[in-house]
Each structure stands twice: as structure tokens, then as C-alpha cells.
Amino acid sequence: MSRTVRLCLALGLCVIAALALAILIGETGFDRGQYAAAFGDPTSGPWEVLWQVRAPRAVCALAVGAALGLAGAVMQGLLRNPLADPGVLGVSATAALGAALAIVMGGAAVPGLVEISALIGAGLAGAMLIAASSAMRAPEALILFGVALSSFAGALTALIFNLSPSPIAQAEVMSWLLGSVQNRSWVDVAWVTPAVLVSAVFAVLASPGLKMLTLGDEGAATSGLSMGRLRAFALIAAALATGAAVAVAGVIGFVGLAAPHLVRAAVRGDAGRILAPSALSGGLMLVIADLLARLTPTDQELKLGVFTALIGAPLFALIAWRAAREWRL
Amino acid sequence: MSLLSLEKVSARLGKQAVLNGVDLTVGAGEVVALCGPNGAGKSSAIRAAVGLAPLTGGAVRLDGDDLRGLSHRQRAERVAYLPQERRIAWNLPAFEVAALGAPFLSGGDAMARAEAALIEVGAGHLIDRGVADMSGGERARVLLARALVVGAPLLLADEPIAGLDPDAQRLVLERLRARADAGAGVLVSLHDLTLAAGFADRVVVLDQGRVIAQGAPIEALSPTVLRSVFGLDGEWVEAPNGPLLAARRA
């Protein structure tokens, strides 16, 4: 059994354990009888809490985390830069702009409209990045373009927030920007899962190119692989995964940046083989983060995006510090 | 027929013309050294030969076929390119880096060839070591192995010995020479004129994007060329291990 398969199996077992914990544990404590009802009586309250509230929320966190972990690994491979992720490249910000625009225009009342707007936003960002990547070959240039795109989308979102006539819409936009999987249902799960699976297919198709890019643009361009096509696949995968994640959970930072770092050493730096473990570790991180956010005793539930940033940023600084030697090649 | 021919090749880098009607050929079994001062067009000529620099005039032919008509894979099967850039983004082990030279082989075949190529360049002991834990010279050997792994009939190396110690410089050139002796064609850009004279069958001297001289090393690098192109007062001295350039700034 290969090293990567063993890693994926171990991460998969951790994901199953985390999901089980996220479903069994919550703010409302159950006694033995209530747990029995939760597993035996579909008409009971405990059953409702476990399988219609906690389970879809946990699975949503898993799918969103996996999408972000996958998108982060693809972006880092594509740009050969450990600091790249959908947030840095403006895909998250543009998706959030799409969602904010739909909310202030009253789209929240139409089922699916806000989500589709977020996907369109991510798609537009992806299309702009594809166009930019064919015009500017240097990965640093693409990162600068992404930073500019992110700032511009952020500015437009702030403008929408500023000019929004309704305080309710403002609150909804704010909630979107903070990121959460609270109150997500099986409908949301059904929405996000196919998008993540399709993006995973594109990511797998792009993986030989991502690995070849380890040698730099010129080495990859003369390797015999059709790098233009593989780059486009990678950007489609990253945009679709990010769009789906933002559509369902709003903006959740850090996961896309950190998930690949947690598994990079275990796959020995292979930018192709890192994809599946990175998606699994992103999912695992978000399931655990959401469980901790739920269990933190605060008057108002902590938003997941706030929680991941609070825990993630210092952790990321630590990882960056430890990995700095590897990056200075 | 030549493995590589550049026919009146012109190219630009931004608004600057970097190649002005360059003609050169590389045949099977020969090492051709590209020499010239910084900015002469050596790297541009090599990049044009692998399709990395878009041409503004002329044509590049691999084995008689126009490069523009070949697929990415056909190009890679005919020519292996060793870029000057030695940065490797992630800490891959050496055998994985070398195996990247053969993306169309199955995993097992690619690994077997990678191992053989690493042994060929004297890096057999580095097979499982991460490239982040290697010196610059060791990394250069691993990247050379990547270029050798597929066994392409034509090898293009852009300043492959820049920044290496004398032993590693000779090792790299000896490996390229050995491939030529086994029937491959090699085009290599070099700043060290003594090494160029010692290892190459022919030298092509470039200056400001034009071919100034080409031929047997000592003839191409004549005192006149040394003075006009390199700004050197120099002469060749016969030594036991090949010609030595004795020179000072003119």
C-alpha cells in the first residue's frame, strides 16, 4: 500500500471519528434514553436534533473544508507558492461579492439565487485568472493580479454594504462575510457535494501538470505535457471548489492555506499526490472547528470563519516558521 | 540531416531584438558550445530551439521538421532541455525529480530510468534524499539526470555549469560529452571558454543576437574574435589535457 493511500485511510478514519463526535455532541446534552430515541425513533426530538440539525451541519462543514483544502492545494501547486490559496487569489472575495449583490437585490427570498451568484462570482474570478495566466507566465505576477482582484472585489462588497438600504440585508451580507455552516440542511449538502466532486475530477486531471510545475514554468512547458490545458483544468477546479464552499458557508479563510501544509511532508512534496490528503485534512479541520465553535460557551454562537481565523492564523504562522527552510530553495 | 537547425532565426524579448537571423546546426554525435558575453543571445537561442521564445522570423527544425508543427509530446521526445533555473518548488526526493523527465512512461519504468540516470550522473547515493537537503551541486546533478532520463536524441543545456565547483562542472560536461559519444546531439551554452574548447566539437560565438564565428573551438575563438566580442587579449596554449586560454582584458 502506498504512502499516500495509507495517509488518506488514516485521515478518512479521523474524518469519520470527527463526524461521529460532531453528531453525538452538542450544546444540548442527551441522556441514555434520548440517545436511544435518536437512533431508534424517527419521530422523536433527539432524532430530529441528531439527523436533521447536527448531521447535515457536520457533513456541510466536511464538504466545505474539503473544497477549500482541495482549492488551496491546487492553487499552491499551480503557483508553486506555499502562500497561495483561493483567498489570496481573489476567488473567495469575488464569490462573496456575488453573494452580497444577490442579497441586497432581494435574492435571498429566491431559493438558490444567492448560492448561484456566489458560484458565478467564483467562476468570473477563475475566468479572469485563466486569462491573466495566459498573458503573464510568472507566478508572482498572477499572485499580484489575484491580490488586486481580491482587493477590488472586497471594495465593491464594502460599497454594496455601505449603500444597502435595508439593515436586514446588511446583517445578512455581514453574516455571509463571517462564514458559517449554522442551520445548514441536507439540501445544502446536496448542493455542495456534486460541485466538490466535479472540481475534484478537474483537479485529478490537472495533477500531472501540478507536479511537473515543481520544476518551474520552463521545465514544465518543455516536458511534453500540454500545460495550457492542465493550467485551465486546475483553475476550473479551484474556482468551482471555492465557489461551492462560499455559496454554502460564506467566506472561511485559512483552511485552504493551511490544509496542504499539514500533509505536504507526508506526501514528500508531491503537488499531484497532495490533492486527496489536502481535501481530507481541510474537511477534518472544518468539522472539528465547527464542533469547537458550537461548544464554546458564548451568548451568540461563534461564526466559523471567525473561529478558523482565530485558531488558524497563529497555527499557520507556526507552520510557516517551521517550513521556512524548505521554501528558501 | 541535422538533429537541430536554426534557420535565420529572429526573436524579441519585449521590444528588444535578442536574435537577429541566427543560423546554426547540431548533428548527431557532436557537442556544440554556444559562447558569447552576457546578453549575446545564448539563452534566447536555446529557448527558441525548444519553442519557449516566439520567433519573429526564420524557423527552427528538429530532425528536419518545423518545430511549430510538432505536438508538445513530439517535441519532448526529440529534445530534452536543461534550464539554467535550478529552483525546485517542493521538497521532492531526487528519484521523483528525475522521473519528471519521463512523464509518458509508466510509474515503474520511469522510476527504473530515473535511478539509472541518477547513477549515471554520480548521484546514486542521493536517490531518496529531498532536494531541499542538497547542495547546489547535488541539485544540479539531479536536474541533469532529469534531462537525461528520457534519452532524447538532442540535449539542450543552458549554462549547466554556472555556479558549480570545478569538479561538478567537469562531471556535468563529461556526462553531456558521453551522451554525444553515444550518438546524441548536444547544444550547451558556456561562459568558460577553456572548458568549451576542451569539451565541444564546435563553438558558435554569438554577440548581440548574431553569429559572429563558428567552427572548431580554437578557430572560432580566434584572437580577433576574443578581442572584438569578449574584450580579451588572448591566445591558446596547448596543454596535456587540451587547449588552455591565456588571456587578459584588452
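Here is a short chat about the sheets, helices, pockets and cavities of this structure.

Reader: What kind of model is this, and how are things numbered?
Author: Residues count from 1 along each chain as its sequence is written, while chains are lettered from A and ligands numbered from 1 in the order in which they are written. Side-chain values use heavy atoms, without hydrogens or water, and local features need pLDDT of at least 70, side-chain atom pairs count only at pLDDT 80 or more, and totals for chains, interfaces and linings use all residues, since this is a predicted model.

Reader: How many residues lie between β1(B) and β2(B) in their hairpin?
Author: β1 (residues 4–13) and β2 (residues 16–26) of chain B run antiparallel, joined by seven bridges. Leu4(B) faces Val26(B) in β2(B) across that pairing. Gly14(B) in the turn has a positive phi of about 65°, and the number of residues between the strands is two.

Reader: What is the average twist from one strand to the next in the six-stranded sheet?
Author: This open sheet runs β6-β7-β8-β3-β9-β10 (chain B), and its pairing is mixed. Its edges are β6 (79–82) and β10 (210–215) of chain B, each pairing on one side only. With angles taken between N-to-C directions, from 0 to 180 degrees, and axes fitted to C-alpha atoms (for helices over the stretch in contact), the twist averages 15°.

Reader: Which residue is the bridge partner of Leu34(B) in β9(B)?
Author: β3 (residues 31–35) and β9 (residues 202–207) of chain B run parallel, with four bridges joining them. In β9(B), Leu34(B) is partnered by Val204(B).

Reader: Are α1(A) and α12(A) roughly parallel or roughly antiparallel?
Author: The axes of α1 (residues 3–24) and α12 (residues 275–295) of chain A come within 9 Å and cross at roughly 20°. Angles under 35 degrees count as roughly parallel, over 145 as roughly antiparallel, 65 to 115 as roughly perpendicular and the rest as oblique. That makes α1(A) and α12(A) roughly parallel.

Reader: What is the volume of the largest pocket?
Author: On a 1 Å grid over the protein atoms alone, a pocket is an open set of points with protein on both sides within 12 Å along at least five of seven lines, a cavity is a set where a 1.4 Å probe fits but cannot get out, and lining residues have an atom within 4 Å of a point. Points are joined across faces, edges and corners, and a volume is the space filled by probe spheres set on them. For the largest pocket, that gives about 710 Å³.

Reader: How many cavities of 30 Å³ or more are there?
Author: The second largest cavity holds about 60 Å³ of space. Helix α5 (residues 136–148) of chain B gives the largest share of its lining, three residues. The count of cavities of 30 Å³ or more is five.

Key: Pairing = 2+ DSSP bridges.
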